[in-house]
Amino acid sequence: MPESSPETHVIDFRAAEQLLAARDPRGAIRLLDSVITAHPENTAARLLRARAFFLAAQLRPAELEFQIVLEREPDNAFAHFALGRTLERAGRSEEALRHFRLAAALEPRPEFIESARFAPGAGNADRDPGSPDRDPE
């Protein structure tokens, strides 16, 4: 196994982003595990791993990662939204609604508002919560 360094962690993080974009969440998780082991404080890596867990239908690990992100960044609207999607998918709608409403209050993006039930329409619990920096559709 090659020696681990800050450079290899950056490469692994970027490769994990590509794997997630290519819909290979398990591959992304494998790469991110070593990054997070070396840098447990790296919130971006944890957020990416949480998204990968969600896409791999590993809801409990996704929930735990999103909670860690929110402990560090309680005003992270995307993390609240994604945790809401995770809880919704796990059949915990009331808990999910709290996070959807927090996300919408922090950042009034259309998908956050819709999920918070501030607008007509229902959310889709099986959809990837997406990238935190993507533009709303």
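Tutor: A search of the whole structure finds 10 salt bridges, a salt bridge being a side-chain nitrogen of Lys or Arg within 4 Å of a carboxyl oxygen of Asp or Glu. This is a predicted model, in which local features need pLDDT of at least 70 and side-chain atom pairs count only at pLDDT 80 or more, while totals for chains, interfaces and linings use all residues. Residues are numbered from 1 along each chain as its sequence is written, and side-chain values use heavy atoms, with hydrogens and water left out.

Start with the pair Arg46 and Glu65, whose side chains meet in a salt bridge at 3.0 Å, N to O. This pair links distant parts of the chain, since Arg46 is in helix H3 and Glu65 is in helix H4, 19 residues apart. Helices here are DSSP runs of H or I with at least four residues, strands are runs of E with at least two, and both are numbered from the N terminus. Arg46 counts as buried because its relative accessibility is 10%, and Glu65 counts as buried because its value is 5%. The cut-offs are under 20% relative accessible area for buried, over 50% for exposed, and partly exposed in between, with a 1.4 Å probe and protein chains only. Arg46 and Glu65 also belong to a network of salt bridges that links them with Asp33 and Arg49.

Leu32 is one of the residues that touch the most other members of the largest nonpolar core, which has 35 residues; Ala45, Leu47, Leu48, Phe66, Phe81 and Phe112 are the others. Such a core is a set of buried Ala, Val, Leu, Ile, Met, Phe, Trp, Tyr and Cys residues joined through side-chain atoms within 4.5 Å. At least two of its residues come from each of H1 (6-21), H2 (25-38), H3 (43-55), H4 (59-72), H5 (77-89) and H6 (93-106). H3 gives the largest share of this core, eight residues.

Glu17 forms a salt bridge with Arg14, and the closest N and O atoms are 2.9 Å apart. Both residues lie in helix H1, three residues apart, or about one turn of the helix. Glu17 counts as partly exposed because its relative accessibility is 28%, and Arg14 counts as partly exposed at 47%.

The protein chain has seven helices and zero strands. Of its 137 residues, 44% count as buried. Among contacts between residues at least 6 apart in sequence, 49% join residues at least 24 apart.

Technical notes: Contact means heavy atoms within 4.5 Å.
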